[in-house]
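Thanks for coming, everyone. Please look at the structure on the screen, and I'll walk you through it.

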Amino acid sequence: MARIALLEARLANQIAAGEVVERPASVIKELIENALDAGARAIDVHVEQGGLASLRVRDDGDGIAQDDLPLALARHATSKIHHVDDLEAVATLGFRGEALASIASVSRLTLTSSTDSSGLGWAVRTEGREMSAVVQPARHPRGTSVEVRDLFFNTPARRKFMRTEATEFRHLEEVVRRLALVSPQVSFSLTHNARVLWQLKPATTEAEMLRRLSHICGPQFVAAAHPLDQEAAGARLHGWLGLPTFSRAQADLQYFFVNGRMVRDKVVSHAVRQAYADVLYHGRHPAFVLFLDIDPGTVDVNVHPTKHEVRFREQRLVHDLIYRGLHRALAEVRPDDAPPTGS
Ligand code: ADP
Ligand code: MG
């Protein structure tokens with residue numbers, strides 16, 4: 001029998017990375033969520049070769065103090081929760097303290113940060129099997145940059161699953177799209193292979209929000225979108241519903257956010273499908289961008305490391321809220337108001 005031994009830190013983190021770091025898009029998700037949690041107003045994303053060669057996310061958020069830097073790359077280290085009670089009502093996108101440690105274990109990661117406007121900050125990376133942190137002075141405005149190069153260079157099994165540069169970039173862009181939808185007050189830029197593809201200004205007015213929506217979901221969606229904003233049972237459901245005339249052949253324009261988190265959930269999908277059932281042809285899919293804001297104490301986000309899934313404490317209530325809200329909104333719009341559009 002082999003003896004039992006604790007795994008080296010890098011290996012343990014690589015195993016954890018298997019769950020969260022599937023492809024460049026998953027890295028971008030974690031890095032942008034961290035920037036949003038840090039209160040960033042501007043987020044710049046630079047990608048080379050679909051993210052397979054390198055990707056960098058820079059924000060103007062709170063930054064990380066010098067003493068905390070080594071911990072930022074350590075597993076199970078987070079500034080976002082401290083007690084088990086905090087887990088009952090998570091207010092941030094992150095809380096597991098795993099993402100950076102995982103990403104750093106399967107790439108060459110450098111984090112540079114500053115907490116003030118001196119122009120000076122610190123850079124940290126990890127070395128060796130125990131992933132010891134190496135901290136050095138560096139120039140950086142207030143905020144944080146994380147650069148990730150050569151993703152999966154040391155995990156060939158995962159690297160083999162990477163698709164073409166174009167496919168990886170498509171996944172990555174979809175992640176930026178979701179996060180830009182849910183944080184309209186933040187400006188975003190996206191650069192791929194030195195070409196600036198997106199430059200989104202902060203959207204504070206209704207008109208600016210529609211411009212962002214148009215950039216992300218297309219002008220046809222905006223033309224066929226019905227705004228919705230309802231409150232019931234202490235929850236708020238708001239966003240835009242695609243009119244039945246703007247149905248799609250595929251379920252490719254469906255965004256549902258629960259407390260700022262894009263989720264895929266059976267209860268939600270069922271409620272939406274039911275609400276549209278009477279107004280859509282069989283086999284057609286609705287388009288929507290919806291935000292549900294509910295008491296964080298009534299939803300468990302600690303279901304899966306990627307946090308794409310949630311569990312509602314009151315499933316029935318949530319289902320009814322969505323179904324009734326959408327049903328009422330759809331009843332308000334007469335389907336023969338507009339000619340059929342969409343694909
Ligand atoms: P989590 O987000 O679950 O806490 P991460 O591994 O993603 O775990 O990040 C670890 C910690 O590093 C965070 O709790 C936060 O304190 C800090 N951090 C990471 N990215 C940023 C950022 N962009 N700005 C400020 N702090 C950050
Ligand atoms: Mg995080």
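This is a predicted model: local features need pLDDT of at least 70, side-chain atom pairs count only at pLDDT 80 or more; totals for chains, interfaces and linings use all residues.

First, the overall picture. The protein chain has 10 helices and 15 strands. Its C-alpha trace spans about 65 × 50 × 40 Å along the principal axes. For 343 residues, a compact globule would have a radius of gyration near 20 Å. The protein chain has 21 Å, so the two agree. Of the 343 residues, 38% count as buried. Now take the contacts with a separation of 6 or more: 69% of them come from residues 24 or more positions apart.

Back to α7. This helix covers residues 206–217, which is 12 residues. At 1.5 Å a residue, it should span 16 Å. Its end C-alpha atoms are 16 Å apart, which agrees. The buried residues of α7 are L213, I216 and C217. They cover an arc of only 75° around the axis, so they sit on the same side of α7. An α-helix has 3.6 residues a turn, so residues three or four places apart point the same way.

Next, the core. In soluble globular proteins, nonpolar side chains tend to be buried together. Here the largest nonpolar core has 84 residues. I28, I32, I103 and V176 have the most contacts inside it. Where does this core lie? Domain 1 (9–200) and domain 2 (219–337) both give residues to it, so it lies between them. Take I103 as an example. Leaving aside neighbours within four places in sequence, I103 is in contact with A17, V21, V27, E30, L109 and V148.

Last stop: a loop. Most residues other than glycine have a negative phi. Now look between β7 (187–192) and β8 (195–200), where we find N193. The phi of N193 is positive, near 45°. A194 is in the loop between β7 and β8 too, and its phi is near 70°, also positive. Are these residues buried or exposed? N193 has 13 other C-beta atoms within 10 Å, so it is partly exposed. A194 has 8 C-beta neighbours inside 10 Å, so it counts as exposed.

That's my tour. Over to you.

Methods. Residues are numbered from 1 along each chain as its sequence is written. Chains are lettered from A and ligands numbered from 1 in the order in which they are written. Helices (H or I, at least four residues) and strands (E, at least two) are DSSP runs, numbered from the N terminus. The radius of gyration is taken over C-alpha atoms; the globule rule is 2.2 Å times the number of residues to the power 0.38. A residue is buried if 20 or more other C-beta atoms lie within 10 Å of its own, exposed if 12 or fewer, and partly exposed in between; C-beta atoms are placed from the backbone. Two residues are in contact if their C-beta atoms, placed from the backbone, lie within 7 Å. A nonpolar core is a set of buried Ala, Val, Leu, Ile, Met, Phe, Trp, Tyr and Cys residues joined through C-beta atoms within 7 Å. Domain bounds come from an automatic or database domain assignment. The expected span of a helix is 1.5 Å times one less than its number of residues. The arc is that of the directions from the helix axis to the C-beta atoms.
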